[in-house]
Amino acid sequence: MNLAIVGLQWGDEGKGKIVDYLAKDFDINARYQGGSNAGHTVRFGREKMIFHQVPCGVLNKQVLGIIGGGCVLDPRVILAEIESLKKYDPVIESRVKVSRFCHLIMPYHIKLDEYREGTKQAIGTTRRGIGLAYEDKYGRTGIRLGDLYNTESFGKKLSLNISRKNLVLMDVYNAEPLSDNEIFDRYMGYAGKLRPMVADDTRILGDAISAGKNILFEGAQGAMLDIDFGTYPYVTSSHTISSSVGIGLGIPPYNVESVLGVVKAYTTRVGQGPFPTEDSGQLGALLRDSGAEFGSTTGRPRRCGPFDAALVRYAARINGAREIIMTKLDVLSGIDSLKIATTYEACAEFDPFASGSLVPKYMKVPGFRQDISAARSPEDLPGAARDYLKAVEEHTGLKIAYVSVGPERDAIIRM
Ligand code: IMP
């Protein structure tokens, strides 16, 4: 069976833990969009690993990890990640394949992201050069991983890009120009190290599908950060929703057989932009502290607030998710009364065009005080926690398939 795991909020829903948990039943774990802006955290025993580029299911030794052409690749980041993964599998490179189609994140993308974020155009990016790399891709001036293996053509593409970017760096930002020789040498060094992982991924996936292998598609960010369907312009630069799987991996859309949405038990967002249920008071601070809500890529404090069922209904619809996994239910323990946004004052459904002015209408259920981190079956949960889950199901119209109650691999309940 092929399954896509997607975020139904603003990212950071805990997809890393879920992918790591589910990957035991899969042969391949493939990423189809995004880049080093993603921060998928996996905890096992005393260890903690944050994945930015590599699909996190590779911690399961039978899994082949694929980074599809819809992703943008920062060679420095992936190589560092591969080095850290050697602790768990000295031959990890043999289980990670990177598409030749991946556009490369270049030093000028990161520099320009940083400079742009210092202006009025800032949207609170991760400053990893993601948007700039996708801009070049669609502007048809980007450099792809496969280009590194044709030295002459890479040199020409790099010079052209550097001359254009240096104009912007110098004229718009009054900054130092970049040197193409230094970048050329650096990227040639990366090319050698990446070589064993560069692959014809569409063929690998096509063959795997024909052989009936099981593929787990790992989304990055969340539906509300989708370039079209999210809270534009406060979004990332790729399609985060399930339709992106086919285009990001070069496989037909009907090969995505099922979509599972991941939601946090409350809502968070990093960076700027609309957030209807944001709580800037006590509740928001409590959720941030209890849930350790600080960005895994940037360390920024996350904005926090109650669960928004109307927003999740929208996100599930555009993703085709009928079931959800709820993470971090344990964080809600100790809150007297739990609020769920069911609809908004001006409109019943979430509308991205109105998202800056939506005023949520809430329903309330009593909270629970018990520590639920040791619960492993629905019966282990206090009645009030079960009532909260029921209310989420009722107001989202989605079945909750699993609930995660702690960062550990086994802290999960099948509902
Ligand atoms: P960019 O993807 O770095 O260009 O940032 C664009 C927006 O997406 C910003 O609001 C970021 O905070 C947000 N963003 C990007 N990646 C992630 C992620 O993995 N989790 C949560 N937010 C993200």
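**Exercise 1. Describe how helices α3 and α4 cross in this predicted model, giving the handedness, the geometry and the residues involved.**

Solution. The handedness comes first: α3 and α4 cross in a right-handed sense, and the model in which this is seen is a predicted one. Next comes the geometry, in which the two axes approach to within 7 Å and cross at roughly 120°. Angles of 65 to 115 degrees would count as roughly perpendicular and those over 145 as roughly antiparallel; α3 and α4 are therefore classed as oblique to each other. On the α3 side the contact is formed by Tyr108, His109, Leu112, Asp113 and Arg116, and on the α4 side by Ile130, Leu132, Ala133, Glu135 and Asp136. Sorted by class, this contact of α3 with α4 comprises five nonpolar, one polar and four charged residues.

**Exercise 2. Determine how α3 (residues 107-117) and α5 (residues 151-171) are oriented, starting from the angle at which they pack.**

Solution. The packing angle is about 15°, and the axes are 11 Å apart. Because angles under 35 degrees count as roughly parallel, α3 and α5 are roughly parallel to each other. Their crossing is left-handed. The residues that meet are Tyr108, Lys111, Leu112 and Tyr115 from α3 and, from α5, Leu158, Asn161, Ile162, Lys165, Val168 and Leu169. The residues of this contact of α3 with α5 fall into seven nonpolar, one polar and two charged.

**Exercise 3. Carry out the corresponding analysis for α5 and α6 (residues 180-194).**

Solution. The angle between α5 and α6 is about 140°, with a distance of 10 Å between the axes. Since only angles over 145 degrees count as roughly antiparallel, α5 and α6 are oblique to each other. The crossing of α5 past α6 is right-handed. From α5, the contact draws on Thr151, Phe154, Gly155, Leu158, Ser159 and Ile162, while α6 supplies Asp180, Ile183, Phe184, Tyr187 and Met188. Divided by class, the residues of the contact of α5 with α6 are seven nonpolar, three polar and one charged.

**Exercise 4. Into which domains is the protein chain divided, and how much area do domain 1 and domain 2 bury between them?**

Solution. The chain is divided into domain 1 (2-102 + 198-260), domain 2 (103-193) and domain 3 (263-414). For domain 1 and domain 2, the C-alpha centres lie 24 Å apart. At the residue level, 27 residues of domain 1 are in contact with 21 residues of domain 2. The size of an interface is often expressed as the accessible area that is lost when the parts come together. Between domain 1 and domain 2 this buried area is about 1,900 Å², of which 63% is on carbon and sulfur atoms.

**Exercise 5. Which residues does the cis peptide bond join, and where is Arg140 found?**

Solution. As background, most peptide bonds are trans, and most residues other than glycine have a negative phi. The cis bond joins Tyr232 and Pro233, with omega at about 5°, and Pro233 lies in the loop between β10 (215-218) and α8 (244-249). Arg140, for its part, is found in the loop between α4 (130-138) and α5, and the phi of Arg140 is near 60°, a positive value in a residue that is not glycine.

Note on methods: Residues numbered from 1 in each chain as written. Predicted model: local features only at pLDDT ≥ 70, side-chain atom pairs only at ≥ 80, totals over all residues. Heavy atoms only, no water. Axes fitted to C-alpha atoms, helices over the stretch in contact; angles between N-to-C directions. Helix = DSSP H or I, 4+ residues; strand = E, 2+ residues; numbered from the N terminus. Left-handed = near helix turned anticlockwise from the far one by under 90°. Contact = heavy atoms within 4.5 Å. Nonpolar A, V, L, I, M, F, W, Y, C, P; charged D, E, K, R; others polar. Domains from an automatic or database assignment. Buried area = accessible area lost by both parts, 1.4 Å probe.
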